[in-house]
Amino acid sequence: MSKNTFYRKRKFWYWLAGIFGVLILILGIGAIILSAKWKPTLTTKIKEGVSNASNGLYQINFKDIHLNLLTGTAVLDSISLMPDSNVFNQLKVQKQAPTHLFRIKLAHLKISRVGILKAYFKKRIDLSAIIVDHPSMDMVYHKVPKRADTATNEKTLYQQISKSLKSIAVGQIKIVDADFDYYNGNRKLNQVKHLSVNVKDILIDSAAQFDTTRVFHSKNIGFELLGYQSDTKDKLYTLKLDTLRGSITGRDLEIRGFKMIPKYPKIEFSRKYDVQKDRYDLDFKKISLSGIDYVSLNNNGELLVKQVDLGPAQVNVFMNRELPPSSLNKSGNFPHMALKRLPIPTIVEQLKIAKVNVAYGEYNPKTKEIGTVKLDGLNGTIRNITNDSSRLAKQSHAYADLTTYVMGKAKLNVKIDFNLTSNNGAFSYKGKVNGFDLKALNAISKPLGQIELESGQVTSASFDVSANAAGSKGVVYFYYKDLKIKMLGEDADGKEKKKGLLSFLANTILIKDDNIPGEKGRFANVTHERAPQASFFNIMWKSVFKGMREIVGIGIVPMKKAEKPKKK
């Protein structure tokens with residue numbers, strides 16, 4: 001190759017590079033000019049679009065918009081999306097107000113691969129992704145008049161935008177590390193940090209508007225919360241969970257590793273109060289919800305769930321009896337009475353419990369010991385858990401069928417019928433206990449009753465009781481043999497000792513050492529008056545315990561009455 005030829009070729013590449021450079025420069029300058037010209041137009045269009053799409057309910061504001069035509073990206077700074085209270089009140093009067101309002105603030109919103117020319121000339125918006133990073137989001141529930149059935153008249157979202165746009169397609173919307181607060185009116189109910197949401201394949205067009213496989217116009221909406229931890233308002237508990245995952249499209253939710261951990265040991269914790277209060281220590285390995293109607297929750301403020309699976313779990317409850325009792329009437333905390341207080345209409349068709357261990361302990365200041373009742377391996381189902389008025393009109397009772405092992409030894413099956421419309425907490429329960437060695441109950445009877453069961457074998461027991469906030473009434477069957485007890489007390493040094501004479505009198509005069517099934521078998525008709533501070537489970541076991549006392553022969557010995565609350 002000659003020297004002149006080499007220089008001619010090199011000169012050609014210089015010219016080609018120069019032409020490309022000039023073209024890139026022209027495009028860059030053009031993009032800057034177009035961006036500058038389009039920025040006010042695009043700003044106006046975005047604000048008008050949000051207002052029109054929400055019928056004036058929401059207004060969006062942002063400090064600035066950065067548009068890059070070459071890369072197809074747009075970034076909005078200092079954004080806020082807020083509802084207009086005047087419009088909301090007007091919609092309430094028209095019975096068209098949504099159940100939930102949203103307040104959203106974020107520093108930046110990034111939109112990638114925007115087909116700007118396609119949107120301008122073809123009226124089709126095609127986006128690769130919308131990234132919402134570290135937003136603050138409030139979801140506010142309002143009880144609003146239910147909308148009339150206007151399904152035939154309501155326009156789809158596509159029909160509302162079709163005059164301006166032919167379609168909107170978004171590959172994904174990612175909400176990263178959001179702070180999410182849920183309100184009931186002005187009252188904050190829940191606060192969640194580090195929530196992430198991923199919405200995939202959003203499409204709004206003439207065909208997709210009636211696609212029943214999409215939820216909120218998307219193919220899948222998933223959310224995730226990792227490593228959540230917070231303290232309760234009273235600063236006495238720490239709440240933790242390992243993971244929370246769910247899918248609106250899949251209608252499911254799974255919680256793993258939920259814990260409610262007391263900040264102080266049992267006795268120290270109880271003395272944080274002036275009166276008796278339960279201390280809870282909860283560890284739920286897994287909680288799963290399936291068949292959740294997220295659409296109804298959003299549109300109507302109703303929680304509809306097909307099934308909740310609970311367990312494995314550990315539930316520990318402790319009460320210190322050295323403190324005066326609370327003046328609070330605990331009938332309001334009966335499960336079906338507490339259900340009435342839920343802030344939104346709720347229907348859970350079935351709750352399944354599996355491998356849940358429950359322990360209830362009481363500190364007796366007289367013996368300075370804690371007696372603990374244990375229910376091991378609690379399994380069963382509860383059906384029709386609801387406070388929804390329309391559901392209650394059709395089915396007003398919830399039914400529980402539960403099986404557990406008392407003190408890990410005695411198999412107990414109990415069926416509970418809750419009257420969900422009762423104003424006095426009415427319910428009934430019946431059950432059966434298989435045979436077991438009575439000495440298994442010493443862990444309760446010694447610290448709480450100063451009685452040791454020296455021998456005794458239960459062959460079977462059953463009960464059928466009706467109860468409410470005032471008390472209970474029913475029948476108890478208790479069959480056993482070879483019952484002998486030891487009455488306990490304390491010596492001068494405070495050490496435990498046997499009360500020989502009392503034990504002898506109890507075994508020879510009062511206690512009947514057996515009760516054999518048959519014509520001569522004894523049973524007890526029980527009537528029990530409930531103390532206002534007695535809990536739901538207290539009235540259940542005391543009613544049965546009272547019948548057992550009568551059958552054994554110590555029914556004439558009065559049961560210790562609950563201490564009356566001190567007047568303030």
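**Salt bridges, strands and cores**

Trainee: What relative accessible area does Asp401 have?
Mentor: 32%, so Asp401 is partly exposed. Bear in mind that this is a predicted model.

Trainee: Which residue forms a salt bridge with Asp401?
Mentor: Lys415. The closest N and O atoms are 3.8 Å apart. Lys415 lies in strand E18 (residues 410–419) and Asp401 in strand E17 (residues 397–406), so the pair ties together parts that are 14 residues apart in sequence. Lys415 counts as partly exposed, at 39% relative accessibility.

Trainee: How many salt bridges does the structure hold?
Mentor: 12. One of them joins the side chains of Asp231 and Lys263, at 3.4 Å from N to O. Asp231 sits in strand E9 and Lys263 in the loop between E11 and helix H5 (266–270), so parts 32 residues apart in sequence are tied together.

Trainee: What about Glu254 and Lys286?
Mentor: They form a salt bridge, with 3.9 Å between the closest N and O atoms. Glu254 is in strand E11 and Lys286 in strand E12 (residues 279–290), so this pair also ties together parts that are 32 residues apart in sequence. Glu254 is partly exposed at 27%. Lys286 is partly exposed at 28%.

Trainee: Now the strands. How do E9 and E10 run, and how many bridges join them?
Mentor: Antiparallel, with 9 bridges. E9 covers residues 218–231 and E10 covers 237–247. Glu224 has Arg245 in E10 as its bridge partner. Between the strands of this hairpin there are 5 residues, and Lys235 takes a positive phi near 65 degrees.

Trainee: And which way does E11 run against E10?
Mentor: Antiparallel again, joined by 9 bridges. Leu244 has Ile255 in E11 as its bridge partner. That hairpin has 4 residues between the strands, and Arg251 takes a positive phi near 55 degrees.

Trainee: Switching topic. Which residues touch the most other members of the largest nonpolar core?
Mentor: Phe223, Ile416, Phe418, Phe427, Tyr429, Phe463 and Phe478. That core has 103 residues. Another core, of 8 residues, lies apart from it, with Leu57, Val87, Phe88 and Leu91 among its members.

Trainee: What does Phe463 contact, setting aside neighbours within four places in sequence?
Mentor: Its contacts include Leu412, Val414, Tyr429 and Val544.

Trainee: Is Arg530 buried or exposed?
Mentor: Buried, and it has no salt bridge. The nearest side chain of opposite charge is Glu529, 9.5 Å away.

Trainee: Which side chain makes a polar contact with the side chain of Arg530, then?
Mentor: That of Asn329, at 3.1 Å. Arg530 lies in the loop between strand E23 (523–529) and helix H11 (536–552). Beyond its neighbours within four places in sequence, Arg530 also contacts residues including Phe334, Asn468 and Ile539.

Trainee: Let's go to E2. Which residues are on its covered face?
Mentor: Ile65 and Leu67. Asp64, His66 and Asn68 are on the uncovered one. E2 runs antiparallel to strand E3 (residues 73–83), with 5 bridges. Asn68 stands opposite Thr73 in E3.

Trainee: Where is Asp84 found?
Mentor: In the loop between E3 and helix H2 (85–93). Asp84 is 26 residues from Tyr58 in sequence, and their C-alpha atoms are 5.9 Å apart. Asp84 counts as partly exposed, at 26% relative accessibility.

Trainee: Last one. How many helices and strands does the chain have?
Mentor: 11 helices and 23 strands. Of its 568 residues, 39% are buried.

Note on methods: Residues are numbered from 1 along each chain as its sequence is written. This is a predicted model: local features need pLDDT of at least 70, side-chain atom pairs count only at pLDDT 80 or more; totals for chains, interfaces and linings use all residues. Side-chain values use heavy atoms; hydrogens and water are left out. Two strands pair if DSSP finds at least two bridges between them. Helices (H or I, at least four residues) and strands (E, at least two) are DSSP runs, numbered from the N terminus. A nonpolar core is a set of buried Ala, Val, Leu, Ile, Met, Phe, Trp, Tyr and Cys residues joined through side-chain atoms within 4.5 Å. Buried means under 20% relative accessible area, exposed over 50%, partly exposed in between (1.4 Å probe, protein chains only). Contact means heavy atoms within 4.5 Å. Lys and Arg count as positive and Asp and Glu as negative; His and the chain ends are not counted. A salt bridge is a side-chain nitrogen of Lys or Arg within 4 Å of a carboxyl oxygen of Asp or Glu. A polar contact is a pair of N or O atoms within 3.5 Å; within protein, one must be able to donate a hydrogen and the other to accept it, and residues adjacent in sequence count only if both atoms are side-chain atoms.
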